[in-house]
Amino acid sequence: MKETTSTCRILFGGGLTINPDGRILLCCASTKKELAHISEIDNLLDFFNSSLLNEIRDTMKNGQLPSEWCYSCIRKREDGQTAPIDEWVKRHIKWSESDSDSYAIKFLEFAPSNICNQTCTMCGSVYSSKWVEWDKEAVQKGMTFRNSWRDRNRIRDMKVHSMSDKDLQKIYDILPEVESIHLKGGEPFADNRNYDLMQHCLKLDKPPKITATSNFAVITDKFMDMICDYPNFYFSVSIDGTHKLYEWVRGSSYTKTINNLKLYMASTGKKPIISCTPTIYTLYSLDTYLQEMKELGIERLQFNYCGSPNYTSVEADEDIEIYNEKYKEFLKTFTGMQLGRPEYLYTRKYNNVEKHKVKVWIDFMNSKRGFDIREIVPELSKF
């Protein structure tokens, strides 16, 4: 079978995405609708070859991306942005030329829990246990938009989620054939079961490649030793802003995160990819941020898209075109670092976000951080 623009490798040579709350998703970009819940599935391989997944494959074989599942990639292609199907998926998953109607799970993206040590302003309780009580408080204080249908993929039922041993065993059962694992969060290094999983993988005949996305704010010695020694481990570090701005956005010490990063680089000689998610808070200083990452010796940095919650997005600024032009010009002379998805710096559009939501959310986060972000980002005074 030949690969086309509508045959996503996730379905034909990949595997499954399992969220911290146990929902099985088509992929990490398809969060509005789940395929099933892991507790409802007896065997993950059988489920991957079920009629539901095969129906989606058939639509793709017929030349279309199913809109109810693939809306994110469809929209990004229409907006001229890099879609996961065209970049991230192809970077992590090989295409299989097989014409077999039986598909193996070669790739697995999952998180055993939403245990986390940060409270990022653009996150929520689905992906961070530390957001559970804050989300409840926000809604109780009248910020009911926090729980709107648009952002349910980040908030939902406001619980600390932890996969049961029975469900976790379903993942262990398929590991011998898995070639690549992406550990999600929560924070992967905050859940010791990820350490146990990596130990288990080392005992397999062919240990899979393991990648992770970490905030790297806190890491134990045993976890640091594991990621330094695991033979095929790669990860990106999420850093948004620097110094006090970083601490307001992500809720932990910038200095400690950078020190952990320097320790890893000194111990291994490797340099992780930096993952940056521009928001309305970091929009105005992305040039100085890039310069500082370069000075730290970072060689690769990738930008992510934050559209939800929309009151944290760069698209909340009606003057976004000014900053599009600013960064388009800046990137013409910025060298020495490989950038992934740089178009996220200069193709964003104003999304008619209600300004009062932006203001209320800034005020709420100010109360949690203990200082007013407007003191370090005066451009936010317009909200």
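Predicted model: local features only at pLDDT ≥ 70, side-chain atom pairs only at ≥ 80, totals over all residues.
Local features need pLDDT of at least 70 and side-chain atom pairs count only at pLDDT 80 or more, whereas totals for chains, interfaces and linings use all residues. Residues are numbered from 1 along each chain as its sequence is written, and side-chain values use heavy atoms, without hydrogens and water.

Helix α7 (residues 165-174) and helix α8 (residues 192-202) pack with their axes 12 Å apart, at an angle of about 25 degrees. Helices here are DSSP runs (H or I, at least four residues), and axes are lines fitted to C-alpha atoms over the stretch in contact, with angles from 0 to 180 degrees between N-to-C directions. The two helices α7 and α8 are therefore roughly parallel (angles under 35 degrees). Their contact (heavy atoms within 4.5 Å) joins L168, I171 and Y172 of α7 to R193, D196, L197 and H200 of α8.

A pocket is an open set of points on a 1 Å grid with protein on both sides within 12 Å along at least five of seven lines; in a cavity a 1.4 Å probe fits but cannot get out; lining residues have an atom within 4 Å of a point. A volume is the space filled by probe spheres set on the points.

| Second largest pocket | about 360 Å³ | G13, I93, K94, K106 and E179 |

To the lining of the largest cavity, α4 gives the most, with five residues.

Key. Parallel < 35°, antiparallel > 145°, perpendicular 65-115°, else oblique.
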